[in-house]
Amino acid sequence: GDADGRVDDARRKFLHGLFRRHAAAARAATAALAERAQAAPSGRGKESVLSRPQILTVPLVETGSDMFAGVDAVKYTLPSNFVHPTEGGDAAGYSRNDILPTLRALGVPRSLRLLSALLSGCRIILTSSDPGKLSACAYGAAAMAGQGLVPPPAVFVPVLPPGLKGLLSSPGPYLVGVVAGTGSNFVDLRGVPDIGPVVLFNLDGPAEPYFHNISDAHSRCPDLTRPSPSELDGTTGRVVSSADVLAQDLGEVMRGDRKAFWQGAVQEKLGAAAAKTKKAASAAYKKGIKYLKSRAAGQSRDEAAPSPKAGG
């Protein structure tokens with residue numbers, strides 16, 4: 001009811017405030033590194049900037065009386081790679097890509113599982129028969145991680161050329177897109193020896209992700225939408241999870257996307273119908289003008305013709 005809605009809004013406000021402070025801390029660290037680089041071109045001051053812990057203080061949101069607003073706060077300590085993510089890649093750059101292709105292909109639950117796999121440092125393979133779809137979804141996955149200023153894995157290949165299939169045997173984390181199919185232009189995953197533990201996401205169907213050579217999938221790549229006992233509220237039994245808020249936000253994005261799609265489709269159909277009506281009206285108008293011109297010409301000939309003499 002209204003109380004649950006207030007709690008969800010408060011939780012969303014808290015998470016958005018946490019993200020804003022995280023982004024501000026990253027900007028401050030980047031500016032400090034730039035100043036140190038100008039002062040010491042050798043880069044000696046870089047380590048001191050990144051070695052200092054960054055503390056984020058976020059005020060808790062009071063869902064009841066405003067009397068206690070701003071009294072309580074929670075503090076988070078960020079590691080250096082979260083404060084200055086450009087050390088592992090251009091997270092800010094990847095965050096500007098569109099995440100909607102990934103959401104459309106996988107839906108909200110599987111997209112969150114993909115995000116969990118990225119944050120857990122898994123070796124991830126995306127498969128699709130459409131190279132364009134594969135590339136868009138791979139960049140969308142990198143954008144999801146980039147929203148939290150987390151760079152993609154060091155090995156990031158949106159569409160893997162068949163000649164580089166040996167890259168799939170790399171030991172470290174990666175995010176690789178593989179065009180599914182048969183023939184020399186495609187990569188047969190069964191033909192890759194010693195591929196090791198990987199998580200496969202099929203973008204062309206509703207199948208759940210496949211955990212290859214992974215015995216305990218939940219511990220290796222946690223399901224963010226699956227509640228744990230520590231997240232249960234003992235009084236209401238309601239799950240308290242930031243992943244729920246993220247899932248709700250993504251669900252709203254998907255509903256807005258579907259609404260915009262159907263509105264666009266309706267407008268396209270109305271436009272096609274209007275164009276067809278305009279074309280038919282134009283043809284009828286031209287036909288009418290032609291008929292009136294021919295009729296006027298006939299009348300002119302009748303008036304010009306000599307009348308027959310009477311009583312000849």
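In what order do the five strands of the open sheet stand? Let's work through it.

One caution before the answer: this is a predicted model. Now the order. It reads β4-β5-β3-β6-β7, and the pairing is mixed. At the edges sit β4, residues 155-157, and β7; each of these pairs on one side only. On average, neighbouring strands here are turned by 25° against each other, ignoring direction.

β4 and β5 run parallel, and three bridges join them. Strand β5 covers residues 174-179. Look for Val155: its bridge partner in β5 is Tyr174.

Next, the helices. Helix α5, residues 100-119, packs on the sheet. It touches β3, β5, β6 and β7. The direction of α5 makes about 155° with that of β6. Helix α6 takes in residues 131-146. It lies across β3, β4 and β5, and runs at about 165° to β5.

Strand β7 spans 210-212, and a loop links it to α7, residues 217-220. Asn213 lies in that loop. Its phi is near 60°. That is a positive value, in a residue other than glycine. Is Asn213 buried or exposed? It is exposed, because its relative accessible area is 53% and the cut-off for exposed is over 50%.

Last, the whole protein. It has eight helices and seven strands. Of its 312 residues, 32% count as buried. The accessible surface comes to about 19,300 Å², and 58% of that belongs to carbon and sulfur atoms. Take the contacts with a separation of 6 or more: residues 24 or more positions apart account for 65% of them.

Definitions and conventions. Residues numbered from 1 in each chain as written. Predicted model: local features only at pLDDT ≥ 70, side-chain atom pairs only at ≥ 80, totals over all residues. Heavy atoms only, no water. Helix = DSSP H or I, 4+ residues; strand = E, 2+ residues; numbered from the N terminus. Buried < 20%, exposed > 50% of the residue type's maximum accessible area, 1.4 Å probe, protein only. Contact = heavy atoms within 4.5 Å. Areas by Shrake-Rupley, 256 points an atom, 1.4 Å probe, with all protein chains shown as cover. Pairing = 2+ DSSP bridges. Axes fitted to C-alpha atoms, helices over the stretch in contact; angles between N-to-C directions.
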